[in-house]
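Student: I would like to learn how to read a ligand site. Where do we start?

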Amino acid sequence: MKVLGIETSCDECAAAVVEDGTKVLSNVIATQIPFHAPYMGVVPEIASRKHTEWIYSVVKETLDKANLEPKDVDAVAVTNRPGLLGSLLVGLSFAKAFAWARNIPLIAVDHMKAHLYASRLSVPSAAGPEPPPAYPFLGLLVSGGHSIICRADDFDDITVLGATIDDAAGEAFDKVAKHYGFGYPGGAVIDRIAKNGDSGAFRFPMPSLHKGPHRYDVSYSGLKNAVINQLDLFRVKKDGEIKPEDIAASFQKTAVKILLRALLNASEDYGLTTIVAGGGVAANSCLREQLAQRQDLRRVFPPPEFCGDNGAMIAGIGYQYLARGGRSPLSVTASARVEGFKKKYP
Ligand code: KG4
Ligand code: ZN
């Protein structure tokens, strides 16, 4: 069964066709990065306008690449939550129109659950994919808007154990990069320049969220501000006294440490030794290296092209709902937020 997946929750206009939930036949991601880069952050109005301009050609290219006609598509899956409302509505409206015109099922999908599903995807040319992790496992969902540690009992059954109480991990990478002028989007840039830096050059603060109900929560606003406050010093020091690479490496090390502390607390307390990651920050090399050192844990990361936003994860999880008889009415709406994905302090 071939499912068309559509993803427009933020700044990637993406679509894919996935067969039987795992086999990716085509995957097109049109990034809006150049349009948001001058502002060093996503401008919601620009995002929704670009989605409106691009969605038709992105879906057309996706079908062409898979050698399919619209009539060959069995169902349409689309992100309807969480995300930028205006952007979500473009993909959702397009998906509704496609499903209605072809008289095929529509499946509205939670973006974060789809990120967790992404590690089950495979491309036909990939040599022998690893067997998918058995449930239950511990999920680490880290993106520009969310940092979630959850227990997954099924692709649709996740229990949020911990979340950010302020900024998301990806947001901290983006904001630090913005203030230092490292480039946009910040995560990939910091990851790259940190490779030539000394991660011990600065000792940035860790939040004290290791007790009681916040044992699995994370916080990034303190770290973000501490790194940004270093900027004044960075500006006045002369050539090479403070190296941007050292700032990047020290920040990244602490950002990863914050995630791992909460994740390992949850792993220990819940006895879950398989960790499945998803979301843009799951591409981070320091996070991957640090987790790789834990021989006692099985780590499952999606292939890099499925870490960030993509239509394949939407089509993949959409198929699983469909296989259970799930479908959404044409009246389904978009929601910017999902309850429980962010926490308030205390
Ligand atoms: O999942 P995603 O593509 O979009 C959202 O759903 O938000 O995640 C985007 C986030 C951005 O904050 C970006 O800076 C971050 O993922 N990111 C990274 C890396 N690549 C992307 N963060 C750290 N290291 C990376 N290599
Ligand atoms: Zn995402």
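Tutor: Start with the polar contact: a pair of N or O atoms within 3.5 Å; within protein, one must be able to donate a hydrogen and the other to accept it, and residues adjacent in sequence count only if both atoms are side-chain atoms. Here a backbone N or O atom of glycine 280 lies 3.0 Å from an oxygen atom of ligand 1. For glycine 144, a backbone N or O atom is 2.8 Å from a ligand 1 oxygen atom. Histidine 111 places a polar side-chain atom 3.1 Å from an oxygen atom of ligand 1.

Student: What kind of model is this, and how is it numbered?

Tutor: It is a predicted model: local features need pLDDT of at least 70, side-chain atom pairs count only at pLDDT 80 or more, and totals for chains, interfaces and linings use all residues. Residues are numbered from 1 along each chain as its sequence is written, chains are lettered from A and ligands numbered from 1 in the order in which they are written, and side-chain values use heavy atoms, without hydrogens and water.

Student: Why does ligand 1 lie between domain 1 and domain 2?

Tutor: Domain bounds come from an automatic or database domain assignment. Domain 1 (2-123 + 306-323) and domain 2 (137-302) both give residues to the shell around ligand 1, so ligand 1 lies between them.

Student: Which peptide bonds are cis?

Tutor: Most peptide bonds are trans. A cis bond joins arginine 81 and proline 82, with omega about -25 degrees. Another cis bond runs from tyrosine 184 to proline 185, with omega near -5 degrees.
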